[in-house]
Amino acid sequence: MALLMVFLAAIVCFSFFDLAGKGGQSLFDFLAFLFGRAVFLLPLFLLLAGLIFFVAANAFNKVWRLVLLATLTCLLPSRLLTRSAK
């Protein structure tokens with residue numbers, strides 16, 4: 001799971017600069033729609049989640065729910081804060 005998080009962080013970073021191909025661009029468009037401007041923080045959260053999974057490899061069943069909850073708690077409200085007022 002830790003390697004998956006690091007891999008996703010790399011794909012998202014590459015998609016910022018149009019280096020991930022059409023799949024990366026589609027992923028970026030979806031994530032930008034979901035998280036807004038906070039999408040640029042997503043690689044940081046994915047790397048931190050990967051680090052947590054590396055450190056707590058033997059307690060994976062206890063940790064993954066907390067990491068998911070923490071990531072969503074940080075990113076989803078930022079979508080609401082960064083919406084443009086119309």
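1. Read along the sequence, the chain runs α-α-α-α. That is four helices and zero strands. Helices are DSSP runs of H or I with at least four residues, strands are E runs of at least two, and both are numbered from the N terminus.

2. This is a predicted model: local features need pLDDT of at least 70, side-chain atom pairs count only at pLDDT 80 or more, and totals for chains, interfaces and linings use all residues. Residues are numbered from 1 along each chain as its sequence is written, and side-chain values use heavy atoms, with hydrogens and water left out.

3. Of the 86 residues, 29% are buried (under 20% relative accessible area, 1.4 Å probe, protein chains only).

4. The largest nonpolar core has 16 residues, and L31, L42, L46 and F53 touch the most other members. Two or more residues come from each of α1 (2-16), α2 (21-35), α3 (42-55) and α4 (60-81). Such a core is a set of buried Ala, Val, Leu, Ile, Met, Phe, Trp, Tyr and Cys residues joined through side-chain atoms within 4.5 Å.

5. Look next at α1 and α2. They pack at about 95 degrees, axes 9 Å apart (lines fitted to C-alpha atoms over the stretch in contact; angles run from 0 to 180 degrees between N-to-C directions). That makes α1 roughly perpendicular to α2, a label for 65 to 115 degrees.

6. Which residues of α1 and α2 meet? I11, V12, S15 and F16 in α1 meet G24, Q25, L27, F28 and L31 in α2.

7. Among contacts (heavy atoms within 4.5 Å) between residues at least 6 apart in sequence, 62% join residues at least 24 apart.

Notes. Buried means under 20% relative accessible area, exposed over 50%, partly exposed in between (1.4 Å probe, protein chains only). Angles under 35 degrees count as roughly parallel, over 145 as roughly antiparallel, 65 to 115 as roughly perpendicular and the rest as oblique.
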